[in-house]
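Here is a short briefing on one chain. Look over the sequence and the model first.

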Amino acid sequence: MIRTAFLLSMLMMPVILTGCSSNRAGGYTFSQNYDDSIKTIAVPIFKNETLQRGLEIQLAESLNKQIKSRTPWTLTDTARADTSLIGVITNHTLGQLSRVPGTGLAQEQTISITVRFEWRDNRSGEILVARSGYTATSTFVPQRQVGERIEEGERKAIDELAQDMISDLRQSW
């Protein structure tokens, strides 16, 4: 009985593993999903078109941390890098989700940060990835008892934005 179950599971393994892939020809893979020809990346500080200063520095720091922790690439300056991630912070929006019933003050708010970016191959000049209107949104509670500052909401949105941007630099799924 155990032998039959084992044989049946071994026969079904190829069917199961090919079902886990978006590339039907390649099947499931344990290899990295980052381009092996790219060894280095430069992340210059993004331009900031908003009135909220300092977002560009925080985004650069968060992108650098994401690259170091999640990719095989080494950070370097633009002149020596295989690729460059360049962009512009285009919008910073503060929204209100709820109000305190008695006073009408904001109880929960949202921060949305929008960027436009390009990931360019410095060797060929080819644009590998380009996104416009790329937005991340975070919530924070400025209410007196909780007392989260707007900077906490911005930090959460920037970290989410950086994580999503680096995820987009993977090879095609």
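The expected span of a helix is 1.5 Å times one less than its number of residues. The model is predicted. Helix 2 (residues 55-70) has 16 residues, so it should span 22 Å; its end C-alpha atoms are 22 Å apart, which agrees.

**Helix 2 and its cover**
- Buried residues of helix 2 are Leu 55, Glu 56, Leu 59, Ala 60, Ser 62, Leu 63, Gln 66 and Ile 67.
- An α-helix has 3.6 residues a turn, so residues three or four places apart point the same way.
- The cover over these buried residues includes strand 1 (40-42), strand 2 (47-48), strand 3 (74-75), strand 4 (83-99), strand 5 (106-121) and helix 3 (150-168).
- Beyond its neighbours within four places in sequence, Leu 59 is in contact with Phe 46, Ile 89, Val 115, Ile 158, Leu 161 and Ala 162.

**Strand pairing**
- Strand 4 and strand 5 are antiparallel, with 15 bridges.
- Gly 87 has Phe 117 of strand 5 as its bridge partner.
- Six residues lie between the strands of this hairpin, and Gly 104 there takes a positive phi near 80°.
- Strand 5 also runs antiparallel to strand 6 (residues 127-140), joined by 11 bridges.
- Thr 114 is opposite Thr 135 of strand 6.
- The hairpin of strand 5 and strand 6 has five residues between them, and Gly 125 in the turn has a positive phi of about 85°.

**Nonpolar core**
- The largest nonpolar core holds 28 residues; Leu 59, Leu 63, Leu 85, Phe 117, Met 165 and Leu 169 have the most contacts inside it.
- Helix 2, strand 4, strand 5, strand 6 and helix 3 each give two or more residues to this core.
- Helix 3 gives the most, with six residues.

Key
Residues are numbered from 1 along each chain as its sequence is written. This is a predicted model: local features need pLDDT of at least 70, side-chain atom pairs count only at pLDDT 80 or more; totals for chains, interfaces and linings use all residues. Side-chain values use heavy atoms; hydrogens and water are left out. Helices (H or I, at least four residues) and strands (E, at least two) are DSSP runs, numbered from the N terminus. Buried means under 20% relative accessible area, exposed over 50%, partly exposed in between (1.4 Å probe, protein chains only). Contact means heavy atoms within 4.5 Å. Two strands pair if DSSP finds at least two bridges between them. A nonpolar core is a set of buried Ala, Val, Leu, Ile, Met, Phe, Trp, Tyr and Cys residues joined through side-chain atoms within 4.5 Å.
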